[in-house]
Amino acid sequence: MKTKSWMILSSLLTLLLIAAGCSGNDGTSGDGGSETEDGKTEISLAGWSSSPEEEKLLKQQLEDFEEENPDITVKHEVIADQYMDVLKTRLVGGEGPDVFYLDAVEAPALIETGVLEPLNSYVDEDFDAGDFEENLIDPFKDEEGEVYGFPKGYSTLGLFYNKEMLDEAGVDVPTNWEELEEAAKELTTEDTVGLGISPEMARNQFIGESGEGDMVVDGKAAFGSEEVVNALQPIVDLRNEHEAAAAPSEMGAESTGEMFGQGRAAMVMEGNWNVPYLNETFPDMEYGVSEIPTFNDSQGTMAFTVSYVMNQASEKKEASWKLISYLTGQEGMKTWTETGLELPARASVAEELGYEDDEIRGPLVAGAEYATAWSDGPNLPTIYNNFDNEFLSAFLGEKSLEEALETGEDVANSEIGE
Amino acid sequence: MERAEAGSYSKVKSKKKRNYTRLLRSIIQGYGFMLPTILVLLVFILGPVLYAVFLSFFDVTLLGGTVLDYTGVDNYLRIMEDSRAKRALVNTALYVGIVVPAQTFLALFLASTLNAGLKGEKIFRIIYFLPTLTSSAVLTLIFMWMYNQNGLINNLLDKVNLPTYNWIGDPNIALYSIMIMNIWATAPLFMVIYLAALQGVPKNLYEAAELDGANVIQRFWHITVPQLRPITSFVVIMGLIGTFQLFDQSYIFSGGSGGPSNSTLTVVLLIYQYAFKSLGTMGYATAIAFILALIILIASILQRVLSKEEQFN
């Protein structure tokens with residue numbers, strides 16, 4: 001009898017323990033931690049890390065920041081994979097970091113949900129928000145002009161060309177599409193295509209919009225229009241009619257940058273990130289960079305930017321703002337962009353670092369002014385997913401471009417709904 | 001008289017009561033012991049399943065304050081109009097239709113060769129079984145290297161003058177690449193099950209057939225296959241359940257997009273995309289998940305009914 005009641009007691013105890021394990025958090029930012037023992041405020045900063053160099057630079061920035069602000073410590077967390085999935089889940093669960101990276105393409109959707117802290121009221125004269133390139137900051141604004149994030153840097157696309165191959169074929173660096181087309185045909189050999197193309201909306205939106213058409217109208221897909229199809233048709237023709245272009249997957253490569261490095265493409269449209277990649281992986285390669293050739297007489301390129309944003313549920317907003325304003329401020333941005341990992345989003349820093357005159361980065365910096373920022377309303381992820389799927393079939397010659405894009409547009413819009 | 005009756009009545013009552021408390025105590029005791037397991041099941045399995053079914057009738061917004069909007073069966077109706085959902089269903093059906101028969105047959109074939117009593121049987125058993133021990137994510141990554149345009153497989157094909165393929169990038173091929181990989185990886189597991197069952201087939205049946213002049217192939221079709229029918233039924237059902245849930249391979253293959261051109265988009269991958277990639281479609285994702293569960297249930301029941309009918313013939 002005694003043992004029995006003891007057993008009941010022990011099983012009840014187990015239950016209690018489980019229940020205790022299940023409850024717990026009160027729903028506010030948890031592992032961000034509050035004040036540490038010595039009275040310092042600890043804030044959490046989450047981001048991804050694309051290279052060891054990036055991590056090193058950020059560490060440098062954070063050390064400088066903590067030196068300037070001895071009452072704040074920053075806990076840096078790297079989310080290795082599926083950044084947005086992890087981040088959204090943590091935000092839903094009330095475990096979001098205080099400050100985090102946010103890609104411009106995801107920004108409008110997240111701003112709409114109200115999980116981001118509006119930053120206008122924090123900005124003061126010293127911060128000088130007018131210093132940022134206008135089209136880099138636009139994706140992080142809502143309709144009322146409230147700003148939710150400040151870019152840490154950006155990259156644009158430029159035309160990377162293999163000097164050796166161009167010399168051999170006796171071709172000049174093309175400045176418009178007609179020249180590019182001719183050059184690509186000349187440069188194509190048995191193992192090499194003239195132009196490596198990433199058949200994705202992220203890389204080709206500015207071409208699609210170089211005519212009269214817009215690929216996204218009022219948050220809905222509109223890339224099936226005649227204007228967009230006509231603007232993109234030459235790209236598809238370059239592969240299917242002239243056999244002078246190819247996608248990375250056709251060549252067993254991961255990206256156009258890899259195609260270029262391996263000598264499988266004589267020209268590619270790649271970004272700033274490609275420079276350290278080429279220097280490290282293919283150090284012997286002789287290449288040049290120029291601005292993207294004009295399409296339909298209009299100059300264009302894409303701009304990719306990532307901002308620092310603040311969690312609306314953060315309990316340490318003052319300290320968080322201090323961190324953001326340091327990281328995106330003149331001093332912090334200089335540390336960040338000095339090695340050329342990203343280009344500085346502030347005009348003053350760009351000037352100070354002299355990238356405009358740089359042989360490799362000059363053309364990329366020049367693009368910032370006329371670039372199409374890779375961000376277009378909250379539904380862009382759905383829109384570009386459908387575009388990419390359909391554009392690839394057209395690019396590979398399985399469907400006509402018109403048919404493919406019309407289907408893609410319909411599917412995207414039915415997914416978006418009202 | 002009355003008092004005596006009343007006395008015996010209360011006695012009975014107290015006996016009943018004692019029985020009742022004993023029963024109650026044993027119930028408490030029994031469930032007390034099971035409590036940890038029951039709780040785990042409720043919290044991590046049954047609860048989420050029921051909650052998912054519940055969510056499938058709502059429009060769910062999670063970010064920025066949870067909002068549930070009751071929409072009735074709208075989420076289910078939406079599946080009918082969703083061309084990506086249709087594509088995912090077609091892809092999955094094609095995948096199931098090819099992989100399940102192929103891996104079942106291959107497993108049976110491998111098992112019978114191993115059971116034939118050849119030399120080095122044990123070594124072959126180990127070699128055959130190795131793929132099953134490899135994690136499917138690692139396996140997919142290795143296969144992606146081999147499938148590369150300039151990879152091992154294309155090189156081998158080229159050497160023997162066979163046509164090469166763009167295994168990963170061609171929308172017409174990509175799904176078949178995953179099929180080949182998966183058949184290779186799962187068949188050995190079922191092979192082991194078949195192998196165990198083969199040991200139980202009476203030897204005298206083979207001897208009798210041999211005396212009657214039946215050759216190897218006849219013995220296989222007329223003795224081995226019918227004797228293994230219950231095992232085949234199990235293998236097919238497990239295969240159905242596993243293949244309908246194809247996710248990790250196509251996820252890694254396409255980097256989560258289901259590309260090229262939706263050719264590797266499976267139902268579970270679509271559920272994942274709606275649940276975690278796009279905002280505010282969690283309810284719709286749970287509706288698709290529920291439909292997938294129904295499809296698997298129906299397929300399993302059909303399979304059972306069909307194999308039972310055969311047995312009665």
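**View 1. Helix 3 and helix 7 of chain B cross at roughly 40 degrees.** Here helix 3 (residues 83-115) and helix 7 (residues 174-198) of chain B bring their axes within 6 Å of each other. Axes are lines fitted to C-alpha atoms, for helices over the stretch in contact, with angles running from 0 to 180 degrees between N-to-C directions. Helices (H or I, at least four residues) and strands (E, at least two) are DSSP runs numbered from the N terminus. Helix 3 of chain B and helix 7 of chain B are therefore oblique to each other; angles under 35 degrees would count as roughly parallel, over 145 as roughly antiparallel, 65 to 115 as roughly perpendicular, and the rest are oblique. The crossing of these two helices of chain B is right-handed, a word used if the near helix is turned clockwise from the far one by less than a right angle, with anticlockwise being left-handed. Sort the residues of this contact by class and you get 20 nonpolar, seven polar and no charged. Ala, Val, Leu, Ile, Met, Phe, Trp, Tyr, Cys and Pro count as nonpolar, Asp, Glu, Lys and Arg as charged, and the others, Gly among them, as polar.

A quick word before moving on: this is a predicted model, in which local features need pLDDT of at least 70 and side-chain atom pairs count only at pLDDT 80 or more, while totals for chains, interfaces and linings use all residues. Residues are numbered from 1 along each chain as its sequence is written, and chains are lettered from A and ligands numbered from 1 in the order in which they are written.

**View 2. Val235(B) sits in helix 10 (residues 229-244) of chain B.** With 23 C-beta neighbours inside 10 Å, Val235(B) counts as buried. The cut-offs go like this: a residue is buried if 20 or more other C-beta atoms lie within 10 Å of its own, exposed if 12 or fewer, and partly exposed in between, with C-beta atoms placed from the backbone. Leaving aside residues up to four places away in sequence, Val235(B) touches Thr104(B), Ala107(B), Phe190(B) and Ile193(B). Contact is counted if the C-beta atoms of two residues, placed from the backbone, lie within 7 Å. Ala209(B) is 26 residues from Val235(B) along the chain, and their C-alpha atoms are separated by 27 Å.

**View 3. Strand 1 and strand 2 of chain B form a hairpin with five residues between the strands.** Strand 1 (residues 58-61) and strand 2 (residues 67-70) of chain B pair in the antiparallel sense over four bridges; strands pair if DSSP finds at least two bridges between them. Asp59(B) has Asp69(B) of strand 2 as its bridge partner. In the hairpin, Gly64(B) takes a positive phi near 70 degrees. In a regular strand, side chains alternate between the two faces of the sheet. For strand 1 of chain B, Phe58(B) and Val60(B) make up the covered face, while Asp59(B) and Thr61(B) are on the uncovered one.

**View 4. Asn161(B) has a positive phi near 60 degrees without being a glycine.** Look for Asn161(B) in the loop between helix 6 (152-159) and helix 7 of chain B. Asn161(B) is exposed, with 6 other C-beta atoms within 10 Å.

**View 5. Asn296(A), also not a glycine, has a positive phi of about 50 degrees.** This one is in the loop between strand 10 (287-290) and strand 11 (302-310) of chain A. Asn296(A) counts as partly exposed, with 15 C-beta neighbours inside 10 Å.

**View 6. Helix 8 (residues 201-208) of chain A is largely enclosed by the rest of the structure.** That is because seven of its eight residues are buried. Among them are Met201(A), Phe206(A) and Ile207(A). The cover over the buried residues of helix 8 includes strand 4 (149-162), helix 9 (226-240) and strand 9 (265-271) of chain A.

**View 7. Strand 9 of chain A is mostly covered, with seven of its seven residues buried.** Strand 4 of chain A pairs with strand 9 in the antiparallel sense over five bridges, and Leu159(A) has Met269(A) as its bridge partner in strand 9. Strand 5 (residues 193-196) of chain A runs parallel to strand 9, joined by three bridges. There, the bridge partner of Leu195(A) is Met267(A).
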